[in-house]
Amino acid sequence: MAVSKTHSAESIAEAVASGVTLFGENRVQDFEAKRARLLELGVSGAEFHLVGHLQSNKSNKAAELFTGIDSLDSTRLAERLNDAAGRLGKSLYVLLEMKLSAEPTKTGLDPDGPELHDLLDRLPSLEHLRMRGLMTIAPLDENPETAHACFRQLRGLQKRLMLGFPRLDFSELSMGMSGDFELAIEEGSTLVRIGTALFGERPRLR
Ligand SMILES: *Cc1c(COP(=O)(O)O)cnc(C)c1O
């Protein structure tokens, strides 16, 4: 996945022309403006997923703009997205974002908390959501062993959940970014999310 957040529609068009078919964006509003520009540029054939945190009051817009939400982190949000997708007559791919480190700025589901089980019990009946797997962001740390451990933990969780929830698909493991994708692939990543290494440095976010 090419993570195109903060980069222009023109950069996305160039990537599509080079054969990239899957993009990640992190903000609903930013992508809304870009999508209008992509339509003007005549870009088609690419899929866009949201990889950033989504507030449930933006779920209607998100369901309209994206084909997948790779940062699903609550039952309430899942229900909102399911309703929105139903009204649009579409299905949305979803990945559950797992919070595997104690960093306070990170979002995602606690692997040992009640919300995860609640959501997994609820997902089979949300017929407009297509559960595909798990996503995580490794903690920022100079020591590569930290990322290794985090990715290994996600794979372990996948195995455990596959046994506990056999009706759900956990096959996708979205892990690894520009700085740690090799480690993530070693640990079984099926989907790396690459921003900087493809598009260059991002301007500083507010
Ligand atoms: C920005 C971002 C990426 C890409 O990060 P790079 O280090 O630029 O490759 C991947 N995943 C998520 C969720 C992001 O927000």
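Reader: With 12% relative accessibility, does His148 count as buried or exposed?
Author: Start with the cut-offs: buried means under 20% relative accessible area, exposed means over 50%, and partly exposed is in between, using a 1.4 Å probe and protein chains only. His148 sits in helix H6. Its relative accessibility is 12%, so His148 counts as buried.

Reader: What kind of model is this?
Author: Residues are numbered from 1 along each chain as its sequence is written, and side-chain values use heavy atoms, with hydrogens and water left out. Local features need pLDDT of at least 70, side-chain atom pairs count only at pLDDT 80 or more, and totals for chains, interfaces and linings use all residues, since the model is predicted.

Reader: Okay, back to His148. Which side chain does the side chain of His148 make a polar contact with?
Author: Contact means heavy atoms within 4.5 Å, and leaving aside neighbours within four places in sequence, His148 is in contact with Leu183, Glu186 and Glu187. At 2.7 Å, the polar partner of the His148 side chain is the side chain of Glu187.

Reader: How far apart in space are His148 and His117?
Author: In sequence the two are 31 residues apart. Going C-alpha to C-alpha, the distance in space is 25 Å.

Reader: On helix H5, how wide is the arc covered by the buried residues?
Author: H5 covers residues 114-122, and its buried residues are Leu116, Leu119 and Leu120. The arc is taken from the directions from the helix axis to the C-beta atoms. The three are on the same side of H5 because they cover an arc of only 100°.

Reader: And which residues are exposed on the other side of H5?
Author: The buried side is covered by elements including strand S4 (68-72), helix H4 (75-88), strand S5 (92-98), strand S6 (129-136) and H6. On the other side, the exposed residues are Pro114 and Asp121.

Reader: What about H1: which exposed residues does the face turned away from its buried side carry?
Author: The buried residues of H1 are Ala9, Ile12, Ala15 and Val16. They fall within an arc of 115° seen down the axis, so they line one face of the helix. That buried group packs against strand S2 (22-25), helix H2 (28-40), strand S3 (47-50) and helix H8 (196-199). The face turned away carries the exposed residues Glu14 and Ala17.

Reader: Which residue with a positive phi follows H1?
Author: Look just after the end of the helix. The phi there is positive, near 105°, and the residue is Gly19.

Reader: Thr6 is not a glycine, so what is its phi?
Author: Thr6 is found in the loop between strand S1 (2-3) and helix H1 (9-17). It counts as partly exposed because its relative accessibility is 29%. Although Thr6 is not a glycine, its phi is positive, at about 70°.

Reader: How much of the ligand does the protein bury?
Author: An oxygen atom of the ligand is 2.6 Å from an N or O atom in the side chain of Lys5, and a polar side-chain atom of Arg202 lies 2.7 Å from an oxygen atom of the ligand. Accessible areas come from the Shrake-Rupley method with a 1.4 Å probe, and for residues only the protein chains shown count as cover. Taken alone the ligand exposes 390 Å², and of that the protein buries 90%.

Key:
Polar contact = N/O pair within 3.5 Å; in protein donor to acceptor, adjacent residues only side chain to side chain. Helix = DSSP H or I, 4+ residues; strand = E, 2+ residues; numbered from the N terminus.
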